[in-house]
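The sequence and structure are shown first.

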Amino acid sequence: HPITYSLVPAPHVPPRSKLPPRMLDSIWKQNLTFWRDRNVYDKSYFDFLFRLISRALHDPSRSPDTLLYIQLALRFVLVTLSRAKERDSWWRWIDNLSQVLSKDSVAASWFLNEFVASASTNAIPEQTEPTQYTANWIYDFLNCPDNDIRPGVSRLVRSALSCIIADDKEAFSSNNYLHFYRPQHIELSPI
């Protein structure tokens, strides 16, 4: 039997969309944002991250990566969790991080510097893409309408400040530190 070939008609392919390329690009970006947010703002992801970071933060061995865990946790809370619709774990995160910031002067100093430096980014959330957003934490939290966010962030700032103040008091009260700032050759006389 000789082999015979017959042409199979190609399936019907609809013509390219008649939407303008800019509109298609916009729709594509919105869909990507939706799917990313759906995965990022997932409660099980929040719980997983909390367990992972809590274990690292409260590890008595205090590995060199502890500051990285604290930074990750603070950025997660301030950038991601604060924007989530469901924030059941908000106060659990704030309690945990406040405890860490009140005891770790390096982390407290980093947080306060980052918090203040964020104000110089001049980022306005309405004008940037979510994936390109540079956090301006002070702007975000002064303008936040949510009743839990401002007190939570205030508590983090207060915990960090209390740690820094306690360290400064200790440094100022040591004789070596005061000796450095109080020249011995100057005599003060009463007025």
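The text below goes from the whole chain to its core and then to one helix packing.

The model is predicted. The protein chain holds 8 helices and 0 strands, in the order α-α-α-α-α-α-α-α along the sequence. Of its 191 residues, 28% are buried. The chain exposes about 14300 Å², and carbon and sulfur atoms account for 58% of that area. When contacts between residues at least 6 apart in sequence are considered, 64% of them link residues at least 24 apart.

**Core**

The largest nonpolar core has 34 residues; those touching the most other members are L74, V77, W93, L97, F111, V153 and L156. At least two core residues come from each of the helices in the table.

| Helix | Residues |
|---|---|
| Helix 2 | 43-57 |
| Helix 3 | 66-80 |
| Helix 4 | 90-101 |
| Helix 5 | 105-117 |
| Helix 6 | 137-142 |
| Helix 7 | 149-173 |

With neighbours within four places in sequence set aside, F111 contacts L74, L78, L101, W137, L156, V157 and A160.

**Helix 3 and helix 4**

The axes of helix 3 and helix 4 lie 11 Å apart, at an angle of about 145°, and the crossing is left-handed. On the helix 3 side the contact is made by I70, A73, L74, F76 and V77, and on the helix 4 side by W90, W93, I94, L97, V100 and L101. The residues of this contact comprise 11 nonpolar, no polar and no charged. In soluble globular proteins, nonpolar side chains tend to be buried together. L74 and V77 of helix 3 and W93 and L97 of helix 4 are also among the core residues that touch the most other members.

Technical notes. Residues numbered from 1 in each chain as written. Predicted model: local features only at pLDDT ≥ 70, side-chain atom pairs only at ≥ 80, totals over all residues. Heavy atoms only, no water. Core = buried A, V, L, I, M, F, W, Y, C linked by side-chain atoms within 4.5 Å. Buried < 20%, exposed > 50% of the residue type's maximum accessible area, 1.4 Å probe, protein only. Helix = DSSP H or I, 4+ residues; strand = E, 2+ residues; numbered from the N terminus. Contact = heavy atoms within 4.5 Å. Areas by Shrake-Rupley, 256 points an atom, 1.4 Å probe, with all protein chains shown as cover. Axes fitted to C-alpha atoms, helices over the stretch in contact; angles between N-to-C directions. Left-handed = near helix turned anticlockwise from the far one by under 90°. Nonpolar A, V, L, I, M, F, W, Y, C, P; charged D, E, K, R; others polar.
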